[in-house]
Amino acid sequence: REAVASDLVRHRLHADLPDGFFLSAAAAITIIELDSEPEPDATIFRGTIRDYAGRARVPADAALVIEVAESSYRIDRSAKW
């Protein structure tokens, strides 16, 4: 169910993206302060895909981050964080 929900979210978001943004699936976002690289199910980033060819994607680059979770919410928001 989680995979289907993730696919549906990405399909819907992709259909309505304005120019200057792109949708990425399971791409790492580098959070230097926390020494962490979460991989959300869907992220809308500012710019184009090629803008990130030579650098990491950081939270300031993300316009929207979506994590689909059925049973791991507490772990995702605490221990994994």
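Predicted model: local features only at pLDDT ≥ 70, side-chain atom pairs only at ≥ 80, totals over all residues.

Modeller: Strands here are DSSP runs of E with at least two residues, numbered from the N terminus.

Colleague: Okay, and is F45 buried or exposed?

Modeller: F45 counts as buried, because its relative accessibility is 0%, and the cut-off for buried is under 20%.

Colleague: Which residues does F45 touch, leaving out those up to four places away in sequence?

Modeller: With those left out, F45 touches G20, F21, F22, S24, I29, Y52, R57, D61 and A62.

Colleague: Let's zoom out then. How many helices and strands does the protein have?

Modeller: There are two helices and three strands, and if you follow the chain from the N terminus on, the elements come in the order α-β-β-β-α.

Colleague: What order do the strands take in the sheet?

Modeller: The three strands form an open sheet in the order β1-β2-β3, and their pairing is antiparallel. The edge strands are β1 (21-24) and β3 (62-66), each of which pairs on one side only. On average, neighbouring strands of this sheet are turned by 15 degrees against each other, if direction is ignored.

Colleague: How many bridges join β1 and β2?

Modeller: Four bridges join β1 and β2, in the antiparallel sense, and in one example F21 has R46 in β2 as its bridge partner.

Colleague: And what does helix α1 touch?

Modeller: Helix α1, which covers residues 2-15, packs on the sheet and touches β1, β2 and β3, while its direction makes about 25 degrees with that of β2. From its first C-alpha to its last, this helix of 14 residues reaches 20 Å, which is close to the 20 Å expected at 1.5 Å a residue.

Colleague: Which residues in α1 are buried?

Modeller: S6, R10 and L13 are buried in α1. They lie on the same side of α1, because they cover an arc of only 70 degrees around the axis. The cover over the buried residues of α1 includes β1, β2 and β3.

Colleague: What does the face of α1 turned away from its buried side carry?

Modeller: That face carries the exposed residues V4, L8, H11, R12 and A15.

Colleague: Changing topic: what is phi of A26, and where is A26 found?

Modeller: Phi of A26 is near 55 degrees, a positive value in a residue other than glycine, and A26 is found in the loop between β1 and β2. With a relative accessible area of 46%, A26 is partly exposed.

Colleague: And D35, what is its phi?

Modeller: For D35, phi is near 50 degrees, again a positive value in a residue other than glycine. D35 also lies in the loop between β1 and β2, and D35 counts as exposed because its relative accessible area is 75%, where the cut-off for exposed is over 50%.

Colleague: Last one, about the whole protein: what share of its residues is buried?

Modeller: Of the 81 residues in the protein, 27% are buried. The C-alpha trace spans about 35 × 30 × 15 Å along its principal axes, and the accessible surface comes to about 5,900 Å², of which 55% belongs to carbon and sulfur atoms.

Note on methods. Residues numbered from 1 in each chain as written. Heavy atoms only, no water. Buried < 20%, exposed > 50% of the residue type's maximum accessible area, 1.4 Å probe, protein only. Contact = heavy atoms within 4.5 Å. Pairing = 2+ DSSP bridges. Axes fitted to C-alpha atoms, helices over the stretch in contact; angles between N-to-C directions. Expected span 1.5 Å × (residues − 1). Arc of directions from axis to C-beta. Areas by Shrake-Rupley, 256 points an atom, 1.4 Å probe, with all protein chains shown as cover.
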